[in-house]
Amino acid sequence: MTAAIVGGGIAGLVCAYELVRLGERPLLIEPGPIGGMVRSVKESDFTLECGPNVLVERSDLRELLDELGLRADVCYPVV
């Protein structure tokens, strides 16, 4: 371990990801659920998106989702 990151929200996760890309092994400290305010909650037949949900339109975030293999997991609201 070369770094400790306090907080597993979006900023902490991106920091940890970048450190891993540089070959480091950071320690992520988060007492609650990983993702901070960014999470999906299933309730009955609905999926509720909590936290910021407009970030997926940014090209840098789309590239990150592609790199992580998560692009297919992005859910958009039905209008």
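**View 1. How the chain's contacts and folds are laid out.** Take the contacts between residues at least 6 apart in sequence: 26% of them join residues at least 24 apart. This is a predicted model. Of the chain's 79 residues, 15% count as buried. The chain exposes about 6,300 Å², with carbon and sulfur atoms supplying 60% of that area.

**View 2. A salt-bridge network built from Glu-18, Arg-21 and Glu-67.** Start with Glu-18 and Arg-21, whose side chains meet in a salt bridge (3.6 Å, N to O). These two sit three residues apart in helix 1 (residues 10-21), so about one helical turn separates them. Arg-21 also meets Glu-67 in a salt bridge, at 3.7 Å from N to O. That pair ties together distant parts of the chain, 46 residues apart: Arg-21 is in helix 1 and Glu-67 is in helix 2 (residues 59-68). Glu-18 is partly exposed, at 36% relative accessible area, and Glu-67 is partly exposed too, at 48%.

**View 3. Arg-71 and Asp-66 pair up in a salt bridge.** Here the N to O distance is 3.1 Å. How exposed are the two partners? Arg-71 is partly exposed, with a relative accessible area of 37%, and Asp-66 is partly exposed at 43%. In total, the structure holds three salt bridges.

View 4. Look for Ile-29 in strand 2 (residues 27-29). Ile-29 is partly exposed, with a relative accessible area of 39%.

Note on methods: Residues numbered from 1 in each chain as written. Predicted model: local features only at pLDDT ≥ 70, side-chain atom pairs only at ≥ 80, totals over all residues. Heavy atoms only, no water. Helix = DSSP H or I, 4+ residues; strand = E, 2+ residues; numbered from the N terminus. Buried < 20%, exposed > 50% of the residue type's maximum accessible area, 1.4 Å probe, protein only. Contact = heavy atoms within 4.5 Å. Areas by Shrake-Rupley, 256 points an atom, 1.4 Å probe, with all protein chains shown as cover. Salt bridge = Lys/Arg side-chain N within 4 Å of Asp/Glu carboxyl O.
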